[in-house]
Amino acid sequence: MPSTIKDAIKLFEERKNVVATEQEKVELNGTCPAIEKMDATLSTLKACKHLALSTNNIEKISSLSGMENLRILSLGRNLIKKIENLDAVAETLEELWISYNQIANLGGIEKLVNLKVLFMSNNKIAAWSEIDRLAAVDKLEDLLLVGNPLYNEARDGNTLSDYRIEVIKRLPNLKKLDGIPVDVDERDAAKAARG
């Protein structure tokens, strides 16, 4: 039997000797047995600014309504295939950590109007059209794509500098890409490439 969110919250409270509904950071990482489903119990976490659900078996992001203070959502190392059901936190979410999942398309990301940080290494992003979707998220300044087919292709073909310029061309507000600050030369090259 997988753990439920309710079980995981109870365990978190016992381990930390706290009341989860009052916590700004709720860590439900690597629950054993693993959590498979996000559920409405999360809506009780009104004070939560950082929700950590990494290293579980979650296949689907489900509604986070009631979590109006959520700034950081950590869902790394799960089985998530798409970015969905984030409407309730679209206004407040500033960081989405979703590395090591199964995401091949970024439909839905444009709703996250205040997103500044997107860590999504080791997913299945293979097309430049998916990077173009990120252009709608104009506050995005820190993007991690290492380990996606798009990145791996550039790395294997020894064209990482071209790849970086291509990403920066499409996302001119980026300050950091794959953990490395965007420098003036890259910015200039990207601007020239935009024409």
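Predicted model: local features only at pLDDT ≥ 70, side-chain atom pairs only at ≥ 80, totals over all residues.
The secondary structure of the chain consists of five helices and eight strands. Followed along the sequence, these elements are arranged in the pattern α-β-β-β-β-β-α-β-α-α-β-β-α. The radius of gyration is 18 Å, close to the 16 Å that the globule rule gives for 195 residues, so the chain is as compact as a globular protein of that length. Along the principal axes, the C-alpha trace spans about 55 × 30 × 25 Å.

Several totals describe how the chain packs and what its surface carries. Of the 195 residues, 42% are buried. Among contacts between residues at least 6 apart in sequence, 41% join residues at least 24 apart. The accessible surface amounts to about 9700 Å², and carbon and sulfur atoms account for 49% of that area. As for charge, there are 27 positive and 30 negative side chains, and the centres of these two sets lie 2 Å apart.

Leu 51 illustrates the packing: with residues up to four places away in sequence left out, its contacts include Val 26, Leu 28, Leu 42, Leu 45, Leu 64, Met 67 and Ile 72.

The loop between β1 (25–27) and β2 (50–52) contains Glu 36, and Pro 33 lies in the loop between β1 and β2 as well. Most peptide bonds are trans. The bond from Cys 32 to Pro 33, however, is cis, with omega near -5 degrees. Glu 36 counts as partly exposed because its relative accessibility is 40%, a value between the limits of 20% and 50%. Beyond its neighbours within four places in sequence, Glu 36 is in contact with Pro 2, Ser 3, Asn 57, Ile 58 and Glu 59. Glu 36 and Leu 11 are 25 residues apart along the chain, and their C-alpha atoms are separated by 16 Å.

Asn 114 is placed between β4 (95–97) and β5 (117–119). With a relative accessibility of 18%, Asn 114 counts as buried, since the cut-off is under 20%. Excluding residues up to four places away, Asn 114 touches Ala 90, Glu 91, Leu 93, Glu 94 and Lys 139.

Asn 148 lies in the loop between β6 (142–144) and α3 and is buried, with a relative accessible area of 1%.

Most residues other than glycine have a negative phi. Asn 122 has a positive phi of about 55 degrees, and Asn 158 likewise has a positive phi, near 60 degrees. Asn 158 is found in the loop between α3 and α4, where its relative accessibility of 74% classes it as exposed.

Technical notes:
Residues numbered from 1 in each chain as written. Heavy atoms only, no water. Contact = heavy atoms within 4.5 Å. Helix = DSSP H or I, 4+ residues; strand = E, 2+ residues; numbered from the N terminus. Rg over C-alpha atoms; globule rule 2.2 N^0.38 Å. Buried < 20%, exposed > 50% of the residue type's maximum accessible area, 1.4 Å probe, protein only. Areas by Shrake-Rupley, 256 points an atom, 1.4 Å probe, with all protein chains shown as cover. Lys, Arg positive; Asp, Glu negative; His and termini not counted. Charge placed at Lys NZ, Arg CZ, Asp CG, Glu CD.
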